[in-house]
Amino acid sequence: MRVAILASGSGSNFEVIANAFQNGSINGELVFVFSDRRKAFVHQRAEKLHVKSYAFSPKEFTDRAAYEAELLELLQKHEIDLIVLAGYLRMIGKTLLRHFPKRIINIHPSLLPSFPGLHGIEDAFSYGVKVTGVTIHYVDEGMDTGPIIAQKAVVIDRDETLESLTVKIHQAEHELYPKVLAEIIQKGVL
Ligand code: GRF
């Protein structure tokens, strides 16, 4: 299976997944990482790991459809089978969803359907729940609404701070995402 990762920011999930491809714990090929931000830190991680990286921003296009059409062309040119979102801070539009049905997956830093949106960790923390976690799910047209593939719980301790919780959530993501990807790719079905 040929995989592309889409990321907007730091790319720590990209890095653990790339490592898992490189050490053989995920079969298949990580073909490239794409970012909608030319200056995202993920490009530096990609360079270090010798993974090809591409970037362009929606601002460089007349509208979102034109941006997605360009992205689709990039994905098709590289014969990508599976798109892995790792901190990609944009909704996926109809163009990509139509061409990659059940072939786009995402990780979200809460136990969905609780705390969707851009601030899953903060929202769970300030609500005061005692257990939160991470969710891997298929992407559909909604925000963090697609069918759930896997979840991992993270306990919020009494003396937890937002900072310590953030570290725990990222650790949980880094454990779960490569494992689930390996399984999906090995079974060859989504
Ligand atoms: C992760 O917390 C992920 O759940 C969310 O965005 C964050 C990306 O972190 N969708 P990183 O760029 O992989 O470090």
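Trainee: By class, how many nonpolar, polar and charged residues are in the lining of the largest pocket?
Mentor: Bearing in mind that this is a predicted model, the lining of the largest pocket counts 14 nonpolar, 17 polar and 5 charged residues.

Trainee: And what volume does the largest pocket have?
Mentor: The volume of the largest pocket comes out at about 830 Å³. Lining it are 36 residues, and those closest to its centre are Gly87, Tyr88, Leu89, Ile107 and Pro109.

Trainee: Which elements give two or more residues to that lining?
Mentor: There are helix H1 (12–22), strand S5 (104–108), helix H5 (120–127), strand S6 (131–138) and helix H6 (162–187). H6 gives the most, with 4 residues.

Trainee: OK, now the ligand. Where does the ligand sit?
Mentor: The ligand sits in that largest pocket, and the elements that give two or more residues to the shell around the ligand are H1, S5 and H6.

Trainee: Which residues are around the ligand, then?
Mentor: Around the ligand you find Ser10, Gly11, Ser12 and Asn13, together with Gly87, Ile107, His108 and Pro109, and finally His170 and Glu173. By class, this shell has 2 nonpolar, 7 polar and 1 charged residues.

Trainee: What about Glu173, how far is its side chain from the ligand?
Mentor: An N or O atom in the side chain of Glu173 is 2.2 Å from an oxygen atom of the ligand. For Ser12, a side-chain N or O atom is 2.5 Å from a ligand oxygen, while for Asn13 a backbone N or O atom lies 2.8 Å from an oxygen atom of the ligand.

Trainee: And how much of the ligand does the protein bury?
Mentor: Taken alone, the ligand exposes 370 Å², and the protein buries 84% of that.

Trainee: Switching to the backbone: is the peptide bond from Leu112 to Pro113 cis or trans?
Mentor: The Leu112 to Pro113 peptide bond is cis, with omega near 10 degrees, and Pro113 has its place in the loop between S5 and H5.

Trainee: One more, on Glu79: is its phi positive or negative?
Mentor: Phi of Glu79 is near 50 degrees, which is a positive value in a residue other than glycine. Glu79 is found in the loop between helix H3 (64–77) and strand S4 (82–85).

Technical notes: Residues numbered from 1 in each chain as written. Predicted model: local features only at pLDDT ≥ 70, side-chain atom pairs only at ≥ 80, totals over all residues. Heavy atoms only, no water. 1 Å grid on protein atoms, 1.4 Å probe; cavity = no way out; pocket = protein on both sides within 12 Å on 5 of 7 lines; lining within 4 Å. Points joined across faces, edges and corners; volume = space filled by probe spheres on them. Nonpolar A, V, L, I, M, F, W, Y, C, P; charged D, E, K, R; others polar. Near = heavy atom within 4 Å. Polar contact = N/O pair within 3.5 Å; in protein donor to acceptor, adjacent residues only side chain to side chain. Areas by Shrake-Rupley, 256 points an atom, 1.4 Å probe, with all protein chains shown as cover. Sits in = over half its atoms within 2 Å of the grid points.
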